[in-house]
Amino acid sequence: MSEQHNTLIKDLSTVLHYIDGEFVASKSGETFENISPFTNESMNDVSAGQSDDIDRAVQAAEAAFKGEWGQMKLEERLSYIYKIGDLIEAEVEEIASLESLDTGLPIRQTRKMVSRAALNFRFYADQVKNLMFGEVYPVDDEFVNYTTRTPVGVAGLITPWNAPFMLETWKIAPALATGNTVVLKPAEWSPLSANRIAEVIDRAGLPKGVFNVVHGIGEVAGDALVKHKGVKLISFTGETKTGSLIMKHGADTLKRFSMELGGKSPIIVFDDADFDRALDAVVWGIFSFNGERCTANSRLFVHENIYDDFMAAVKERVGNIKVGDPLDDATEVGPLIKTEHFENVKSYIELAKEEGCDVIQGDVPESMSRGNFVPPTLLIGAESHMRVVQEEIFGPVMAILSFTDEEDVVRQANDVEYGLAGYVWTNNLARGHRVAQAIDAGMLWVNSQNVRDLRTPFGGAKNSGIGREGGYYAFDFYTEIKIIHVAIGDHHIPQFGK
Ligand code: NAD
């Protein structure tokens, strides 16, 4: 293990929950081990929350919602949100190292994610201050109707391990800025940075109970949060099948749900595309975040006229990708999060061979043999009907397909159950728009990799999600809209029984 890993691990202690303003163990005292993706050795223990821990956290959040936080003036509430952003900004390097240690994501990428997390808080504070207003509907000279937005109550946030810190803040920031209180259940495979958020929020001095974290296994702690009647909404990011289960389990308590789910996104390269820029985008879009990225372009469609040249260039890049220690600045692809996931991704590569693909892979240095390293992988000769083209692999693995014309590629691109993102590369402007509009997905990019503008809606179509996060779209989820009808004259009232 590299010295850097050892130094960071030495400072780790048992991860505790953060409930009602205090760091506490589970009532049961139960814990589970947190394993290094780089060496597969145990790094520390994590408190395993059960339903009684969730209940304590929800009660604290309910009390805070009814108490100081609920009564607080907007300017004061938002000043806390800005402060959280500032505190994160001051600790980017430290948090990014923890995140890389815990997840195996390369440090060059986690730094950017943590900076983005700080921005999420500032952005939502601005957004609420400037854009969360009501509407007025005057009706003749008889009524003035107007809308207000109020927070919903206790927000249950359930997050995945693939970009934990960034995705957690993506939910916490709008939930708190709009005035809700929060119980976060982070992914059990990546608990470290979630605890860091709790520490930051504790230092920012938010009233106790406004923000709570309960660690634990999804089917236990997550399920208890989903079923708790005090929790008014669940914002979930994770696998499609988990999302569906959560909606079932939350149905009895009639919550609102936001679902950000899996993807199998196409990237389409026409023969008139800017070859070099398309190449950069294709390679980055699948191999960044170790391929553990919901919006990864895991299906590449190359026009038949440029197929040979383009694929030769992709293969060359794949052979040069630097696989290694996630804490090393030079690393482009690190180890996958956990042995189970690693085995699953490898089993898909075996399946690809059985299904008839030609598998081309980059290199993993021999010194990395203890970690969950999967080399950057291309599945050449993939076809739409194959499982490796239909199912989300969630690793550094890209299926390669070719196409003849626009109609052919739109049909193939839409031939999956997912619909999260899509990327189109062409220098024919009209065709770029046409194809982007024809792809059944929530987010499309034309001549670009995934570059996010925080103001825009984020989310998926088909089995990739329900609802939209991002920008003011988050207000519809995190607030209750109330319409108030005010009579300003003597309008007609039916006179029953007169
Ligand atoms: P997952 O569904 O296994 O787990 C996500 C979270 O749900 C974890 O915190 C887990 O503990 C919890 N959970 C699991 N079972 C639960 C249950 N029965 N009740 C309540 N909570 C439960 O997903 P993952 O493996 O952590 O993440 C990878 C998946 O997330 C991929 O499918 C990826 O595409 C998706 N993802 C989607 C987006 C998006 O915005 N659409 C973003 C990132 C990741």
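Me: Which residue meets R370 in a salt bridge?
Reply: A salt bridge is defined as a side-chain nitrogen of Lys or Arg within 4 Å of a carboxyl oxygen of Asp or Glu. Here the N to O distance is 3.0 Å, and the partner of R370 is E41.

Me: On what basis are such values given?
Reply: This is a predicted model, in which local features need pLDDT of at least 70 and side-chain atom pairs count only at pLDDT 80 or more, while totals for chains, interfaces and linings use all residues. Residues are numbered from 1 along each chain as its sequence is written, and side-chain values use heavy atoms, with hydrogens and water left out.

Me: What domains does the domain assignment give, and how many Å separate their centres?
Reply: Domain bounds come from an automatic or database domain assignment. The chain is assigned domain 1 (3–261 + 464–483) and domain 2 (266–446). Taken over C-alpha atoms, the centres of domain 1 and domain 2 are separated by 31 Å.

Me: What is the area buried between domain 1 and domain 2?
Reply: Contact means heavy atoms within 4.5 Å, and 31 residues of domain 1 are in contact with 33 residues of domain 2. Buried area is the accessible area (1.4 Å probe) that two parts lose on being put together, summed over both. Carbon and sulfur atoms give 56% of the area between domain 1 and domain 2, which is about 2700 Å².

Me: Which residues of domain 1 lose the most area to domain 2?
Reply: Three residues together account for 22% of what the domain 1 side buries. They are F38, W189 and S464.

Me: How many salt bridges does the rule find across the interface of domain 1 and domain 2?
Reply: The rule is applied across the interface of domain 1 and domain 2. The number of salt bridges found is 2.

Me: Is L254 buried or exposed?
Reply: L254 lies in the loop between helix 10 (240–250) and strand 11 (256–260), where helices (H or I, at least four residues) and strands (E, at least two) are DSSP runs numbered from the N terminus. L254 is not a glycine, although its phi is positive, about 40 degrees. Buried means under 20% relative accessible area, exposed over 50%, and partly exposed in between (1.4 Å probe, protein chains only). Because its relative accessible area is 78%, L254 is exposed.

Me: Is F394 buried or exposed?
Reply: F394 is located in the loop between helix 14 (387–390) and strand 16 (397–403). F394 has a positive phi of about 60 degrees and is not a glycine. Because its relative accessibility is 17%, F394 counts as buried.

Me: Leaving aside its neighbours within four places in sequence, which residues is E135 in contact with?
Reply: E135 belongs to the loop between helix 6 and strand 5 (136–139). Because its relative accessible area is 45%, E135 is partly exposed. Apart from neighbours within four places in sequence, the contacts of E135 are N145, Y146 and T147.

Me: What distance separates the C-alpha atoms of H485 and Y137?
Reply: H485 is part of strand 22 (residues 479–487). Because its relative accessibility is 52%, H485 counts as exposed. Along the chain, H485 and Y137 are 348 residues apart, yet their C-alpha atoms are separated by 9.0 Å.
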